[in-house]
Amino acid sequence: MNDSFGDFNATQTAPTGAASNQKGEGIVPLVVKQIVDAPEGNIEMFGMQYGMACVVAIVRNIETSSTKITYTLEDHSGRIDAHYWLEEGDALKAPEVMLNNYVKVYGTTRSQAGQKTLMVFKLLPVLDPNELCTHLLEVLNARYRAEDYQNKGGSGAVASSGSIADFTASQSSAIVSGLDPKQQAVFQAIKSNVSEEGISRKELKAKFSHISDSELTNILDFMISEGHIYSSIDADHFICTM
């Protein structure tokens, strides 16, 4: 099974030229080997560039220092270190994860001393074993749909927001086309808010008075579970993952 994912060559360095200077968008689901084997540069899959990767793996080791927490992650394809950087006073806000348990990690890729690492943006414990199967299916889906996009004429340029919405996996914060109209409206309101603490539930209720409190809660819970948004200073303030 290792080789089946490792042979994808899904992440490649952006070609020299204008495209390589453009920033990728959205989130792409990957296995560890795809990240480890990828050359330097933006996360790229068949000409489509992404800003962030999503990995589901087991936590094999945790090392804590005053500035960061390093998690050693392992899936069926390999191992990688993931760094969660701490700001002063943030130690108590560190993700609650346990050794030998599965987690879902969103982050950007970096190289340190010749080794690939993940810079953790968000780390969540996996509570349902079906998430592992779902992730692997999404890795396959993202790979084949990106290849299909290239075969149909999508060149090596950076994908537009619409292309990402069509071809990245369902966790991508850019996939507004995967949301129903109400979810999309709430998502855009959260995304357009530029305050440090994010938009409050109270503000969202005022913006969408036609949406009941229970329905708004369901929309927010759904987008959090899908990785589109996350809560910030408390459970009633939200920031987009883009």
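Predicted model: local features only at pLDDT ≥ 70, side-chain atom pairs only at ≥ 80, totals over all residues.
Residues are numbered from 1 along each chain as its sequence is written, and side-chain values use heavy atoms, with hydrogens and water left out.

Back to the strands. Strand β10 covers residues 229-231 and pairs with β11 in the antiparallel sense over 3 bridges. Two strands count as paired if DSSP finds at least two bridges between them. Ile229 has Cys240 of β11 as its bridge partner, and Tyr230 stands opposite Ile239 in β11.

Strand β9, residues 199-200, also pairs with β11, antiparallel, over 2 bridges. There, Ser200 stands opposite His237.

Put together, the 3 strands form an open antiparallel sheet in the order β9-β11-β10. The edge strands are β9 and β10, since each pairs on one side only.

Which way do the side chains of β11 point? From this strand, residues 237-240, His237 and Ile239 point one way and Phe238 and Cys240 the other way, and all of them are buried. Buried means under 20% relative accessible area, exposed means over 50%, and partly exposed is in between, with a 1.4 Å probe and protein chains only.

Next, the cysteines. A disulfide is counted when a pair of cysteine sulfur atoms lies within 2.5 Å. By this rule the count is 0 disulfides. Cys54 counts as buried because its relative accessibility is 0%, while Cys133 counts as partly exposed because its value is 47%.

Last, the surface. Leu137, Leu140 and Tyr144 make a nonpolar patch of about 300 Å². Patch residues have over 30% relative accessible area and no salt bridge; like charges are joined within 9 Å, and nonpolar side chains (Val, Leu, Ile, Met, Phe, Trp, Tyr) within 5 Å. A salt bridge is a side-chain nitrogen of Lys or Arg within 4 Å of a carboxyl oxygen of Asp or Glu. Areas come from the Shrake-Rupley method with a 1.4 Å probe; for residues, only the protein chains shown count as cover. Tyr144 sits in helix α3, residues 130-151, and is partly exposed because its relative accessible area is 46%.

Conventions. Helix = DSSP H or I, 4+ residues; strand = E, 2+ residues; numbered from the N terminus.
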